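Welcome, and please take a look at the sequence and structure shown here. The short report that follows walks through some of its contacts.

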Amino acid sequence: MSQASLRLAGVSKRYGAVQVLEPVDLTFEDGEFVTVLGPSGSGKTTILRMIGGFTAPTTGQIFFQGKDVSRLPAFQRPFNTVFQDYALFPHMRVGQNVGYGLRVRGVGKAEVARRVSEVLALVGLADKAARYPHELSGGQRQRVALARAIVCEPKVVLLDEPLAALDAELRRSMQDFLKELQRRIKTTFVFITHDQHEAISMSDRIVVMNHGRVEQVGTPKEIYHRPGSPFVARFFGENNLVPGTVEGRSNGRIAIGSPFGRVEMEDRAALGVGANVTLAVRPEHIRVRPQTGADAGFSVAAEVRSVDFLGATSQIVLALPEAGRTEVRASLPTTECVDFTAGDRVKMAFSLDNLTLLH
Amino acid sequence: MSAETSSPQMMGGPAGPVVLGSVERKRKPLVGRFVAGLVYGIPTVVILCPMLLFLVSSFWSIHDGNLNRHFTLENYARFFADVSYWGVYFETLRLAAYVGLFGLFSGYILAYLIWRQQGQLRYLLLLFSVIPLAMNYIVKVFAMRNILGYNGLLNDALIFAGILDKPSKMFVFNQTAVLISMCVIYLPFAILPIFLSLERIPLNLLAASADLGATAGQTFWRVVVPLSLPGSVVGALFVMVLALGDYLTPQMVGGSQGFTFGRAIWSQFGMAFNWPFGAALAVMLLLAIAVILLVARVLSKMGRSS
C-alpha cells in the first residue's frame, strides 16, 4: 500500500483581510506527477510557496513522511523548487549554479563535480557547465534550473509555472522532457500551471483550483470526462453548459427538465425536486443527423446556425428552437457535415452517458 | 495629414503650420544634428574644455607675477622634486581611502539593515539616512566642528561615560578630526549606491538559495555579497573621490595639522596666485582619480565573473 508522502491538512493562507487560500487537504503520493491547475489568483502558487517554505500557512499543517514540516525553514526541507523565472545565480557558472545546493551542504569537491556533470548530462547540457546563465537560451536556462533542483535528490520537486516563459514549440518538447525526467528519477513532482493542455498531457493527477478553493482532484481523464463543477467543465476544453431543474426522482434516478428536453439520469448527489443544476455535454460528443433519419440514442430537434470549417474537424453551431435561443456547439469530423448549411433543420444526438450533471 | 493637404494654399500666409507639413521630412536630419550637437556640445563646453584648459595651463608658468604661456614642465618638476608635496599627496590618498573604506563597511551594514526591512519602514529609514544629502555642506562641517570641539558633544559624552576625566583636544584641528568629519559627512553618499546594488538583487535568488539548503549566513556570503559588492565598491570609490577633492572640511576642522592636497591646490589658486602650479597639482589629483575609477572598473568586472 502506498503511503502519502506529502500531505497538506487544512492548510490555508490569509493576507490581512484577503483569504487567498481556503483550507485545503491534499495528498501527494511518492513518485507522482501532480499538477496544480488554476487561473491566476486561484491560490496555486501560494500552495507551492507554502510547501517550499517561503510562505507560512495561516492555518493547518504540512506533513512529510508523517512528520510536521510546516514550521521548518525552507533550507531544512527536503524539497527543491524550479522557479518561474528560473532564479539562476547570475554570478555563477552553470556548473556552480547546479552544484550550489551540494556545496552549501558541505559535500566534498570531487563528489560535487561528479554529481554536477551527471545531472548536466541528464538534462543534455554537459557541454555548457562553464557558461554563465546569461549566455544561455531560455530553454537551456530552464534545464539548468531543473538540474539545480534535482541534483540534491530532493523527495519532492516543486515547479512553479516553469514553462510559462517559453515559446509554444519549446514548451511542447520541455513537457515531454519533464515527464520523461520524472519517470527516470521517480521523484514526486508538484507542477503549477494555468494551462489545461499541459496539465492533461503531463499529470498523473490534477488538482483544479479556483478562487482559493480546490474545485476537483482527479486523473486527467476523470477531470475531463467527469468534471465536478461548472468551473471545471468550462476550464477543460470546450463544453456546452445548459441550465436544468430537477423535476422528479424515483428509484435512484432523477428526471431533469432542460433545453434538451426531459432527461433521466442516475441520481448521484441526492438532489431534491426543484433544485437547479447544470448539464454539460462536450462538442465532440454531439452528432448531427438529418431530421428524417432514425437515431438510436437521445436526440433533440435543432437548427443549424453556422458551419465553420477547421480542417479535419468542423464546428457546427446549433440552435434549439424548443428552448428559447439556446446555442450548442458541436465538433464533428468534416466528412460528416458536408451536407449541412446554415438554416437546415436537423437532429442533435448524443449518448446520455456523455451528459454530465453539475450542481 | 491636414497640415500637408492645406499647405499649398497657405504658402503665402504666416509661417507656422505650413512649414511643418511640407518641410518636416527634410528637416529631420537637421534637428537630429542639432540634438546631437547639444548632446555632445554641452559636455564638451562645460566639462571637457575647462579640463583641457587646466591641462594646458599646467604647462605654463608664472615669472615675477606675469603669466608665461610657453610650454614648460617646471610645475611638474617642482611637484616631483618636493618631497613635502609627495607626502601631502599620499597622505591625502590614504585619508580618502580610509573614508572610502569606512563608507563601504558602515554603509554596507546600514544599507543591508535597511534593505532587510519590510514595506514602508524600509523607505522611511532610507529617507532618514540620505536626508543629510539635502543639507548644506558648510552646515554639516560646522556641525561636525561643534561635535568634535573642546566643549563639544563627543567630549561631553566621553566624560559622561567615564572614559575621559576632562575634555580632550585630540578630536579637533588635526588629521583625525578631518577623517572623522569626512567619514560622517560622506557616509550617505555610500549608503545610497550600496542600497541600490542590494535592491537590484532579485528576491527569488534568496528564496532559491534557501530552497537549495543554504543557511541565512551562506546566502549572505555566497549570493548577497558577491552580487552587491561591485556596486558597493564603486559607491565607496565614489566617496573616496569626493574626499580626495574636499578642501573645505580640512580647512574648517583640520586646523594647521589637517593639511590635505585639496588645501594645497586651493592655496596655489587663492593665496600664492600661482595658477599654473595649482593646475599641475590638480592634474596630479585628477590622475589619482582616474586610477581609482580604473580600479573600480576592474574590480566590478572581477566581481561579476568570480
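## Two crossing helices

In this predicted model, the axes of helix H3 (residues 74-81) of chain B and helix H4 (residues 83-116) of chain B come within 5 Å and cross at roughly 80 degrees. Axes here are lines fitted to C-alpha atoms, for helices over the stretch in contact, with angles running from 0 to 180 degrees between N-to-C directions. Helices (H or I, at least four residues) and strands (E, at least two) are DSSP runs, numbered from the N terminus.

On the H3(B) side, the contact (heavy atoms within 4.5 Å) is made by B:Arg78, B:Phe79, B:Phe80 and B:Ala81, and on the H4(B) side by B:Val83, B:Tyr85, B:Trp86 and B:Tyr89. These residues divide into 7 nonpolar, no polar and 1 charged. Ala, Val, Leu, Ile, Met, Phe, Trp, Tyr, Cys and Pro count as nonpolar, Asp, Glu, Lys and Arg as charged, and the others, Gly among them, as polar.

## Domains of chain B

Chain B is divided into domain 1 (8-57) and domain 2 (81-305), with bounds from an automatic or database domain assignment. Their C-alpha centres lie 41 Å apart. The contact takes 4 residues from domain 1 of chain B and 6 residues from domain 2 of chain B.

Together the two domains bury about 370 Å², 84% of it on carbon and sulfur atoms. Buried area is the accessible area (1.4 Å probe) that two parts lose on being put together, summed over both. B:Met51, B:Phe54 and B:Ser57 supply 84% of the area that domain 1 buries against domain 2, more than any other three residues.

## Where the chains meet

Chain B gives 20 residues and chain A 22 residues to their contact, and about 1,900 Å² is buried between them, 59% of it on carbon and sulfur atoms. In chain B, B:Asp211, B:Leu212 and B:Arg222 lose the most area to chain A, together 38% of what that side buries.

## Salt bridges

The side chains of A:Glu32 and A:Arg205 meet in a salt bridge (2.5 Å, N to O). This pair links distant parts of the chain, 173 residues apart.

## Reading the numbers

Residues are numbered from 1 along each chain as its sequence is written, and chains are lettered from A and ligands numbered from 1 in the order in which they are written. Local features need pLDDT of at least 70 and side-chain atom pairs count only at pLDDT 80 or more, while totals for chains, interfaces and linings use all residues, and side-chain values use heavy atoms, leaving out hydrogens and water.

Conventions
A salt bridge is a side-chain nitrogen of Lys or Arg within 4 Å of a carboxyl oxygen of Asp or Glu.
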